[in-house]
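Hi,

Here's the structure I promised to pass on.

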Amino acid sequence: MRALVIVGTAREGRQSIKVAEAVKKVLSKEGHSVDFYDLKNKDIPPLGNRSYKEDEEPVPEDITELKGYVDAADTVLIVAPEYNHGIPGFLKNALDYLYPEYGGKLFSYATVSAGGFGGIRALDSLHSFTVAVDGDIGPSLNVSNVQQHFDDEGTVSSDLEQKIERFVGKIESDI
């Protein structure tokens, strides 16, 4: 399986990067190919055009990279925190650059929160997006109280690692 892991926030002090890295580690350990797309390291301007309209302004280089990853992926795995009952605007902007590339792709989600709900409202936003772009809704992992699942060095707790392993197993069965 080839997975694209998208880290859905660029905020300083973000905890979702730890979850994304833990998911990447489990995917790799299971022998899967992983492309890692971290929005924090990308230069993506506000959407002015869509990548499939050739007569408009040039597509940002980082979106061309994202398109290549999406095209090659068996699953698009989005790791996102919940911001104001939804997903970060930066993530939505990046995802909106593409459209036909998502058709028929399996989308998997790991949503993250510092509180007890595990980003469930972000998951609702991601499900709505997936349906709108004709993607297939896949497994999800909700991580509540994310700060409690990692030590000071960023090592994941065995409890969360086991949950991630089950999550990856569900993705494998959906491919």
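Below is what turned up, starting with the strands and ending with a loop. Keep in mind that this is a predicted model.

Let's begin with the start of the chain. Strands β1 (residues 2-7) and β2 (residues 33-38) run parallel and are joined by 6 bridges. Together with helix α1 (residues 16-29), the two strands β1 and β2 make a right-handed β-α-β unit.

Now the aromatic rings. The whole structure has 4 aromatic pairs. One of them is Tyr37 with Tyr69, an edge-to-face pair with 6.2 Å between centres and 80 degrees between planes. Tyr37 sits in strand β2 and Tyr69 in helix α2 (residues 61-72), so this pair ties together parts 32 residues apart in sequence. Tyr37 is buried, at 0% relative accessible area, while Tyr69 is partly exposed at 21%.

Phe107 and Phe129 are edge-to-face too, because their ring centres are 6.2 Å apart and their planes meet at 75 degrees, over the cut-off of 60. Phe107 belongs to strand β4 (residues 106-112) and Phe129 to helix α4 (residues 120-132).

Last, check out Val156, in the loop between β5 (136-143) and α5 (158-174). Is Val156 buried or exposed? Its relative accessibility is 17%, so it counts as buried. Beyond its close sequence neighbours, Val156 is in contact with Ala22, His149, Phe150 and Glu161.

Cheers

How values were computed: Residues are numbered from 1 along each chain as its sequence is written. This is a predicted model: local features need pLDDT of at least 70, side-chain atom pairs count only at pLDDT 80 or more; totals for chains, interfaces and linings use all residues. Side-chain values use heavy atoms; hydrogens and water are left out. Helices (H or I, at least four residues) and strands (E, at least two) are DSSP runs, numbered from the N terminus. Buried means under 20% relative accessible area, exposed over 50%, partly exposed in between (1.4 Å probe, protein chains only). Contact means heavy atoms within 4.5 Å. Two strands pair if DSSP finds at least two bridges between them. A crossover is right-handed if, with the strands pointing away from the viewer, the path from the first strand over the helix to the second runs clockwise. Rings of Phe, Tyr and Trp (its six-membered ring) pair if their centres lie within 6.5 Å; planes under 30 degrees apart count as stacked, over 60 as edge-to-face and the rest as tilted. Lists of a residue's contacts leave out its neighbours within four places in sequence.
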